[in-house]
Amino acid sequence: MRSYSLLAPAKINLYLEILGDHVTGGEDSRPSGFHEMVMVLQSISLTDRVDVRASGTDLIRVYCSHPQVPNDASNLAYRAAALMSKQFPDKFARYGGVDITIHKQIPVGAGLAGGSSNAAAVLVGLDLLWELGLTRDELQDLGAVLGSDVPFCIAGGTALATGRGEQLDALPALTDRYVVLAKYRSLSVSTAWAYQTYRQQFGASYLRRGSDLEQRQQQIHSGAMMAAIAQRDATKMGQLLRNDLEKVVLPAHPQVVQLREAFQQTNPLGTMMSGSGPTVFALAESQTQAEDIQARVKAAIANPDLEFWIATFNPFGIRIVE
Ligand code: ATP
């Protein structure tokens, strides 16, 4: 049976600003239920491995031993395979079903886009397995059907994401940067909850479509964060980290506030929650500084429920394991 193994990296948000309600384009434009965002996304060296194998059956099956990851049709990897089978029914009929095995390393419900990256890996894997020869753009269009982060996960690297997060502009790749991540094992945050709560609390001040929104997008485009990235200025980038979702997640989870403060005490280049959390990360100049940050936060909080990772910025999206 033919099979492919793929590496699916996690991402962090170096910047996440919520501008307003996202509306679908065209003449009958209406709210899509998502938010209009500006994000800077960065893939990191913390990865899952996803094996995609022709099964010789007519089934899509998912295997993942992580207790928080479903093995049924609600798994994002399953949904990616189901979408491909619907989109390319002749290939599904010709090549048959697929077994997907996920070797989880990326924490679940952590704001690190683990599920989205698994789905991206399945799209890339089935493109190979079914010899479709899809372009990256075509794969990303399919990815956008599954979730706003999936198109980014396919390409990886450093990118500016706009719209609901699916419109991507590649930014100069940032490498040689270290990131320390920490998450309480027993705490997960639902992305849907974080955005809904944000809308309830801050919806009244959302920018309306039109000139206000376009002006803000333009400001960010030509602003300090983009300049810091273009100059590869890690110190400035660290100072400019932003995540609007902290405004709802931190008040609901005091232990994340404590973690954020413990990171701040170590004088990193910058510290921030990633995505909808609850993972908090800190940027470091070197591996030595990253190890020092980790040791100091571990000592300051001394809670066995707290898990740490040290990773590097990664210029890759989904990669095939040779
Ligand atoms: P994001 O940063 O995109 O918001 P996240 O890192 O917060 O994502 P995930 O780890 O992707 O969250 O998982 C969120 C939920 O999706 C979990 O409750 C989990 O049960 C479910 N899920 C479905 N498929 C997967 C998958 N392949 N990997 C991880 N979680 C999955």
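This note sets out points on the core, the ligand shell and the annotated positions of a predicted model.

1. Nonpolar core. The largest nonpolar core comprises 93 residues. Ala 77, Ala 81, Ala 120, Val 122, Leu 123 and Val 179 are the members with the most contacts inside it. Strand β1, spanning residues 3-23, is the element that gives the most to this core, contributing ten residues. Both domain 1 (3-173) and domain 2 (178-212 + 241-312) are represented in the core, each by at least three residues. As general background, nonpolar side chains in soluble globular proteins tend to be buried together.

2. Surroundings of Leu 123. Once neighbours within four places in sequence are set aside, Leu 123 is in contact with Ala 80, Met 84, Leu 139, Leu 142, Gly 143 and Ile 154. Leu 123 is also one of the core residues with the most contacts inside the core.

3. Ligand shell. The ligand is surrounded by 22 residues, of which Ala 113, Gly 114, Gly 115, Asn 118 and Thr 191 are the closest. By class, the shell consists of nine nonpolar residues, twelve polar residues and one charged residue.

4. Origin of the shell. Helices α1 (76-87) and α3 (114-129) each supply at least two residues of the shell around the ligand. The element that gives the most is α3, with four residues. In terms of domains, the shell draws at least three residues from domain 1 (3-173) and at least three from domain 2 (178-212 + 241-312).

5. Annotated positions. An unreviewed UniProt entry places the feature "active site" at Lys 11 and Asp 149. These positions are spread over 139 residues of sequence, yet they cluster in space, with a largest C-alpha distance of 9.2 Å.

6. Lys 11. Lys 11 counts as buried because 29 other C-beta atoms lie within 10 Å, against a threshold of 20 or more. Leaving aside neighbours within four places in sequence, Lys 11 is in contact with Leu 41, Gln 42, Ser 43, Ile 44, Leu 112, Ala 113, Asp 149, Phe 152 and Cys 153.

7. Asp 149. The loop between α4 (136-146) and α5 (150-155) holds Asp 149. Asp 149 is likewise buried, since 28 other C-beta atoms lie within 10 Å. Not counting residues up to four places away in sequence, Asp 149 touches Lys 11, Ala 113, Ser 116 and Gly 165.

Definitions and conventions: Residues are numbered from 1 along each chain as its sequence is written. This is a predicted model: local features need pLDDT of at least 70, side-chain atom pairs count only at pLDDT 80 or more; totals for chains, interfaces and linings use all residues. A nonpolar core is a set of buried Ala, Val, Leu, Ile, Met, Phe, Trp, Tyr and Cys residues joined through C-beta atoms within 7 Å. A residue is buried if 20 or more other C-beta atoms lie within 10 Å of its own, exposed if 12 or fewer, and partly exposed in between; C-beta atoms are placed from the backbone. Domain bounds come from an automatic or database domain assignment. Two residues are in contact if their C-beta atoms, placed from the backbone, lie within 7 Å. A residue is near a molecule or strand if its C-beta atom, placed from the backbone, lies within 6 Å of it. Ala, Val, Leu, Ile, Met, Phe, Trp, Tyr, Cys and Pro count as nonpolar, Asp, Glu, Lys and Arg as charged, and the others, Gly among them, as polar. UniProt positions are given in the numbering used here, feature names are shortened, and annotations may be inferred rather than shown by experiment.
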